[in-house]
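Here's a quick briefing for anyone meeting this structure for the first time. Have a look at the model, then read on.

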Amino acid sequence: MTDKVQEAFAVLKQAMIDDGAAEQGGYAHSWHCNIAMMCYDAIKDNKSDLPLTSFEAREIGNDAASRFMKLCFDVDTEA
């Protein structure tokens with residue numbers, strides 16, 4: 001990773017931490033919600049034989065978003 005990319009991720013991570021990463025309505029939470037909704041939309045658009053309720057799709061989307069936020073920014077977020 002280039003120095004500029006590493007610096008950019010460090011700035012984003014620190015902004016999330018400074019804004020209270022675990023707080024709903026904060027900067028990290030807004031990232032979480034956008035990622036969760038993209039997952040939800042992809043799950044609901046999936047034409048598989050495994051039908052999921054909206055609740056199940058939402059739970060999976062939120063879990064995926066939490067995992068991404070921890071992996072990418074080392075912050076804990078919840079829906």
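Which residues make up the largest nonpolar core? The core has 9 residues in all: M16, A21, A28, I35, A36, A65, M69, F73 and V75. Before going further, note that this is a predicted model, where local features need pLDDT of at least 70, side-chain atom pairs count only at pLDDT 80 or more, and totals for chains, interfaces and linings use all residues. Residues are numbered from 1 along each chain as its sequence is written, and side-chain values use heavy atoms, with hydrogens and water left out.

**The core**
- A nonpolar core is a set of buried Ala, Val, Leu, Ile, Met, Phe, Trp, Tyr and Cys residues joined through side-chain atoms within 4.5 Å; buried means under 20% relative accessible area, exposed over 50%, and partly exposed in between (1.4 Å probe, protein chains only).
- Two or more core residues come from each of α2 (27-45) and α3 (54-73); helices are DSSP runs (H or I, at least four residues), numbered from the N terminus.

**Around T77**
- T77 sits in the segment after α3 and counts as buried, at 5% relative accessibility.
- Leaving out residues up to four places away in sequence, T77 touches A21, A28, H32, A65, S66 and M69 (contact means heavy atoms within 4.5 Å).
- The T77 side chain also makes a polar contact with the H32 side chain, at 2.8 Å. Such a contact is a pair of N or O atoms within 3.5 Å; within protein, one must be able to donate a hydrogen and the other to accept it, and residues adjacent in sequence count only if both atoms are side-chain atoms.

**Cysteines**
- The disulfide count comes to 0, a disulfide being a pair of cysteine sulfur atoms within 2.5 Å.
- For C39, the nearest cysteine sulfur is that of C33, 12 Å away.
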